[in-house]
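Work through the exercises below with the sequence and coordinates at hand. Each task is followed by a stepwise solution.

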Amino acid sequence: MHGKVLRLVLLFVLLLLAIQRTTPESAQAASESAALDIRAFHLLSADAGWLWLGEQLYWTDDAGQRWREITPRANDATIHAVFFRDSQDGWVVLIDRAPVPTYWLARTSDGGATWQTQSLALFQPDDPNANSSAAFLYFTDAQTGWLVVKRASSSAFSVGALFKTSDGGSTWTRLTIPIGEPVTFVDDLHGWTAGGAAGDQLFYTQDGGRSWTQQMVVSPSATERVRYHLPTFDTPQSGALPVVRADESTTHIEWYRTSDGGQSWQLTTEVPMPSVGVHVPISVLNARHWMAAIPNRAPLLDVSDEREVNSLQSANDATKMVALDMATVSAGWAKSANGNCVRGTCTQSAQLMRTRDGGRSWQPITLPASVASASSQIQLYTGQGFDSCTAPNVSQMQNWFANSPYRVWNLYLGGAVLYPGCTPLTLSYLSSLAQQGWKFIPTWVGLQAPCYGDPQRAIPRFSNDPMTAFSQGASEADSALDKAASIGLATTAKSGLIIYFDLEYFDPTNSACRDAAKSFISGWTARLRARGNMAGVYGHFKLLSDYATIGNVPDDVWIAQWNTPYAYDANASVFNIPNMDNSLWANQQRLHQYTGGHDETWGNATINIDSDVLDGAVATLPCYTLSVSATPSAGGSAAILTNQNCVGGGYIAGTNVQVQANLNAGYLFTGWTGSGTGKVNPLGLQMDGNKSVTANFNAITNRLFLPFMQRSAH
C-alpha cells in the first residue's frame, strides 16, 4: 500500500512540474460567455442531455450543437429542480413565491415536448421549510421518486424536508431527512444523502427515508476538512463512494468500495496532490471508474479501482472547471468559471465545455441564443457611487474620478415619470466617462404605483389589476432596453445588461396597491431575464422586502433609506437597514442610497448628489472588436493607431478609433471597404458595434514617359 501511494505522489510531482512548464500564468477569459447563469446540466448519453440556463430548460440531441427549449410553465412559477431518468421521462419542480410559496410539479414522458403540471400541497401555511433555497429530485423508476426541499437559511445550517411518491409524482408522502441535501436510492428502500453545512456528513436509510443512520467512513484529523459525495451502485450490493479530504498542504481523493450494499466500505484507491481544498468536481461513470477535474490545474484524472491513475493533459485552457459530467469515458460536459479583478474592475464568466476524447481537448458549447450575450456588461462592484438628475460635465467627472471616493454614477435612461429637466444622455458623453473609468447604474423611471402620491395628479401609473400590472412591467422592460440601445449603452442584441426600475414610495397600508406593485415588478424582472439581462429595483426600505417572495425575484435591490447628516459617509453599509432582513439579497445584490440631495466638493468641482454605497451589480458600456485587412497583401497594410481600452481587449462603445493605410512602393491606395468607406486616410471609426475594414490597393501599371530632347548647339 505505501509503495503504491508513493508512486502516486511521484506521479503528481512530475505532473505538477509539467503543468508549470505548459500552463500560462494568466489565461484569457471567454468574454463571449461572461456572466451566463448556468444552473445545472446533465448528459444522459454521449449526445443527449439537458441544460438549466437562467429561468429556462433546454434539451439537445447532438451534444449541444442545437438546443430545443422545453421549459414547463405554471403561472409565474420558476424552475427549482430538474431530473430526467432517461431521454423521455423527466420531472421539474417549480415554485411561485407570491404571496406564499406554492409548489408545482411538471412531468413529461416525451422528452419535454409536452408537460403535465399539477400543484403540490407539500407544506402547512406556517411551515418554515416552505421557504426554500434549493430542491432536489431523484427517481429510481417511472413511479418511485423522492423530493428534497432545502430550507432557506445561512450557510451554517442544512435543513430540509423529504417527500416520496409511488405514483410518478401525483401524490407525495412526507418523510424525514437529517440534512437538506440531494439523495440517491438503489431501490425503494435503500438510499443515501451526503453533505451538510460543512459537507462532512453521510447518512443512509433502509426504509425508504422514514429513518436515517449516520455513517463515519473516514476519521479526519483535527486539521482536515472532509467532503462526502453521493455513492454510486452498479448492483444493490456493489457500489463506490468518493470522499475528498484536505488540509493546508495536501488534498486526497479517496475511493471506497462496498460489496454488501453499503453496510461497510473499504478504501480502494487514494490519489494525493497539493492542496486544492475539498471542492473537487468528480464524475462517476460506474462503481469501478471515475474521473475528476482538479481545480486550477490542467489535467483531468481518469481513475479505476485497480489503482490506475491516468492524467489527461488538456490541449486547451479548461483548467478552471467547477462541475464535471461524463456520460462515457470519451464524452462529457464541464462548466468552467473564472473571476478576476483588474484595477478595481471585477468580472465573472462561465462557459459550458464539451469533450469527445476523454478530456484531452475541450471545445466551448454555444448556449441558447435567448440568454447568450456576446458581451456581458454586468460587473459586481463594492464601494461608493452617486446619483444626480443633472449630468456633470466631462471635466467635472474626470476631477471626481481622480479626487473623490466615487466610482459609479447612475444613468437616468428615461421613462414616463422621469423629470424632463434631467440631462439627456448620449453615447459620446457616456463613452468619455467610461474611458475615465466610471461604471453606471442604469435606471428607468416608468409607470408608478396606482396609489402613488396624489391620485388626482396626472402621473402615469400602472393598473391596480395584478395581471394587467404584470404585462405593463414587461412592457416597461422592453422600453428601457430600447432606450439603452438607442444611446449605445446596450448592444443591438439588447442583452447582457442590468437595469434598475425606480419605483417611488407609495402608501404601504394599501394592500391592493402593494399586490399590484409585486406583480408589476415580477413582470419587469421576467421580461428582462427572458431577454438575457438582469433586473434591479429601486425603492423605499419599507416596501422592497415585498419583492423577495414574488414569482420573479429581482436580482438586485437599490434601497432608499437616508441617514443624517446628508454627507459622504465612508462607513455606510448596505446591511442593517430597517425593514430589510440581512438575509435578503445578501450575495452582493444590494445598493443603498444613504443620503438625499446635497452638495459635495472634491478636487475643485462641486456637484449636487445623492450618495450611495454599493455591493452589487452595475453596468459598463459594451466592448467592441475591430479587425483590419489589406488587399492585395502585396499592396500594403492597414494599422490600428488607437490603443485598446477595454479590459481583456477591444474598444469601449463610442471610442473613436483611427485606422491608417500604409502602401508599398508601386501601389496606390484606392479606398476603404467594410465598416468604413471613402479615401480619407487615416480613417476615423466610432465603435458602436464590432467592425471590420479593408484597405484596398492597386498596382501602378502605366507610366508616362516624356521624350528626351537634346538642344542643338549654336
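## Exercise 1: disulfides

Task: state whether C451 is buried or exposed, then describe the disulfide of C451 and C513.

Solution. Step 1: C451 has a relative accessible area of 14%, and buried means under 20%, exposed over 50% and partly exposed in between, with a 1.4 Å probe and protein chains only, so C451 is buried. The model is a predicted one, in which local features need pLDDT of at least 70 and side-chain atom pairs count only at pLDDT 80 or more, while totals for chains, interfaces and linings use all residues. Residues are numbered from 1 along each chain as its sequence is written, and side-chain values use heavy atoms, leaving out hydrogens and water.

Step 2: the sulfur atoms of C451 and C513 are 2.1 Å apart; a disulfide is a pair of cysteine sulfur atoms within 2.5 Å.

Step 3: the angle about the S-S bond is -90 degrees, and the link of C451 and C513 is left-handed.

Step 4: C451 lies in the loop between β32 (439–444) and α4 (466–486), and C513 in helix α5 (residues 511–530), 62 residues apart. Helices (H or I, at least four residues) and strands (E, at least two) are DSSP runs, numbered from the N terminus.

Step 5: C513 is buried, with a relative accessible area of 0%.

Task: how many disulfides does the structure hold, and what is the handedness of the link between C389 and C422?

Solution. Step 1: there are 3 disulfides. Step 2: one of them joins C389 to C422, with an S to S distance of 2.0 Å. Step 3: the torsion about the S-S bond of C389 and C422 is about -115 degrees, so this disulfide is left-handed. Step 4: C389 is partly exposed at 27% relative accessibility, whereas C422 is buried at 9%.

## Exercise 2: aromatic pairs

Task: classify the ring pair of W192 and Y204 and that of Y500 and W558.

Solution. Step 1: rings of Phe, Tyr and Trp (its six-membered ring) pair if their centres lie within 6.5 Å; planes under 30 degrees apart count as stacked, over 60 as edge-to-face and the rest as tilted. The structure holds 34 aromatic pairs.

Step 2: the ring centres of W192 and Y204 are 6.5 Å apart and the planes are at 35 degrees, so the pair is tilted. W192 belongs to strand β14 (residues 191–195) and Y204 to strand β15 (residues 201–205), 12 residues apart.

Step 3: W192 is buried at 3% relative accessibility, and Y204 is buried at 15%.

Step 4: for Y500 and W558 the centres are 6.0 Å apart and the planes at 75 degrees, so the pair is edge-to-face. Y500 lies in strand β33 (residues 498–502) and W558 in strand β35 (residues 556–560), 58 residues apart in sequence. Both Y500 and W558 are buried.

## Exercise 3: strand β5

Task: how many residues of strand β5 are buried, and in which sense does β5 pair with β6?

Solution. Step 1: in β5 (residues 78–84), 7 of 7 residues are buried. Step 2: β5 pairs with β6 (residues 90–96) in the antiparallel sense over 6 bridges; two strands pair if DSSP finds at least two bridges between them. Step 3: a hairpin of 5 residues joins β5 to β6, and I79 stands opposite L94 in β6.
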